[in-house]
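Happy to look at this one with you.

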Amino acid sequence: DVLKGFVNEAKNETSSINATPRTQQKKGIPIPPQVVMQPFTSKNISRINGKAKMKSDVDESEGFCDLKYGSYCIWREENREEMQDSMVKKLKDQLFVARAYFPSIAKIPAQSKLSGELKQNIQEVERVLSESTTDADLPPEIQKKSRRMEAVIARAKSVSLDCNNVDKKLRQIFDLTEDEANFHMKQSAFLYQLAVQTMPKSLHCLSMRLTVEYFRDHLFDKELSEKYSDPTLQHYVIFSNNVIASSVVINSTVVHARDTVNQVFHVLTDWQNYYAMKHWFLRNTFGDAVVQVLNIEDPDSYGKATLSHLTLPVEFRVSFPSNDSAPAIHNRTQYVSIFSHSHYLLPEIFKNLEKVVVLDDDVVVQQDLSALWSLNMGGKVTGAIEICSVKMDQLQSYLGEHSFQKHSCSWMSGLNVIDLARWRDLDISETYWKLVKEQVSMKEGSALLATLLTFQDQIYALDRVWVLSGLGHDYGLDIEGIKKAAVLHYNGNMKPWLDLGIPKYKEYWKKFLNHEDQYLSECN
């Protein structure tokens, strides 16, 4: 259905092109809130073989691709293959030009011989291309045919013609080709997003196998409830519907911890993955740490502290002009991942706890995190990494008439230290839900607005050495910086458990998988 929509849209755009002067064809391009792509500080910087290179002219098509399709454009550039079948492409170009000149040449009686040669060459090349799609399929004498076509085109160009006729034909062919390219771009971007948002078959297999095994072995189910609510221990919270991702977070945290006996992990998931999660964490041990799996969608267990469905941290792509007069092509783009609705249930779910550390399921821990528990946040509710490249005044048009400090920085989820006692004192959750109701028409955008306003003046800025973000969209991160970071955040579309993940960053995630596990092997 989506592909049919693309076809209809392409047809509509073709109709509007035919009816509208070319100077009026540009359309406003909406920016989807959840498309994540690599941040650019300037639109005139490209990356070739990992090195920054200045462009002499801004490529408009590339700029609008970034705005419209987000990280797909970056993934496409990084995975672009060297041109193959160059002879086939050359023949197509020659055919393109020959067709443009032929109608005008055919109208000149004195050029009947040239017209016949041009027609014959066009037919020969069309016949070859109908039977060959790669250079390997081409006949041995193709070089001679190409040279003959090149020679006859050169003669056609030397004839005095009405340039308007050739120009019209070229534009006609160009418009048809442009429409076709536009369709394939949309199709490719759709398939990319489909690959990003669809659970891989292997992960689905693992979840189903674990669920079945859970109901076969009830004796394996054991709880350590006395540790789950002990406020003297170190409590980590993970929102996730991905068994492997949450396991990597816990394993990497435990491996680098000086002392695991005080560590308690709470994995908050949904009905669909609840039993798979429970079975996985009951059959796998992580040092002396304990793991509790909670179903956030179960009203019998948590009453009001439940949602109809689990919501994971939300990632937004924020685009704004470099200056007031800059056109859209020069927009700067940054990425903000924030709390979801589920995060605002924490004080109710963990009533006996006063402090927790929240980890997104797309992070990998590389150092001991125990220092976070002795952090003095000066009465602030949440410790987070601030993004001062995106400030509140730059989001003024989005935030509307709400009062806010213009020069305050936005912040990221991924690694957050939360003072639940202070949260309850200030009634943060009530403030958030009130703001969400006021912005109900914004749908998912309401979470960004409500979260930024709710935590205004309540963010304690963590040192940037704690977290390095961008491993899910930025191909140009410094390897030394990755090795030194305490936490790696794979924010972006290219998650490490997907085939689309950035290959050079996957190794930091994969080494915390238990490759000898029976189910992992069986589900590939």
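Two strands count as paired if DSSP finds at least two bridges between them. Keep in mind that this is a predicted model.

Q: What makes strand 8 and strand 11 a pair?
A: The rule asks for at least two bridges, and strand 8 (residues 355-360) has 5 bridges to strand 11. The two strands therefore pair, and they run antiparallel. As one example, Val358 has Asn416 of strand 11 as its bridge partner.

Q: How do you know that strand 10 pairs with strand 11 too?
A: Strand 10 (residues 382-391) and strand 11 share 6 bridges in the antiparallel sense, and at least two are needed. Here Ile387 stands opposite Ser410 in strand 11.

Q: Why is strand 11 described as mostly covered?
A: Buried means under 20% relative accessible area, and 10 of the 11 residues in strand 11 (residues 409-419) are buried. For the protein chain, 48% of the 524 residues count as buried.

Q: Why are strand 9 and strand 13 said to stand at the edges of their sheet?
A: This open sheet of 3 strands has the order 9-14-13, with mixed pairing. Strand 9 (363-365) and strand 13 (467-469) each have a single partner strand, so one side of each lacks a neighbour in the sheet. From one strand to the next, the twist averages 15°. Strand 13 pairs with strand 14 (residues 487-489) in the parallel sense over 3 bridges, and Ser469 stands opposite His489 there.

Q: Are Tyr214 and Tyr275 buried or partly exposed, and how do you know?
A: Tyr214 has a relative accessible area of 9%, so it is buried. Tyr275, at 23%, counts as partly exposed, because buried means under 20% and exposed over 50%.

Q: What makes the pair of Tyr344 and Trp433 edge-to-face?
A: Their planes stand at 65° and their ring centres are 6.5 Å apart, so the pair is edge-to-face: the label needs over 60 degrees. Tyr344 is buried at 2% relative accessible area, while Trp433 is partly exposed at 26%.

Conventions. Residues numbered from 1 in each chain as written. Predicted model: local features only at pLDDT ≥ 70, side-chain atom pairs only at ≥ 80, totals over all residues. Heavy atoms only, no water. Buried < 20%, exposed > 50% of the residue type's maximum accessible area, 1.4 Å probe, protein only. Helix = DSSP H or I, 4+ residues; strand = E, 2+ residues; numbered from the N terminus. Axes fitted to C-alpha atoms, helices over the stretch in contact; angles between N-to-C directions. Phe/Tyr/Trp six-rings, centres within 6.5 Å; stacked < 30°, edge-to-face > 60°.
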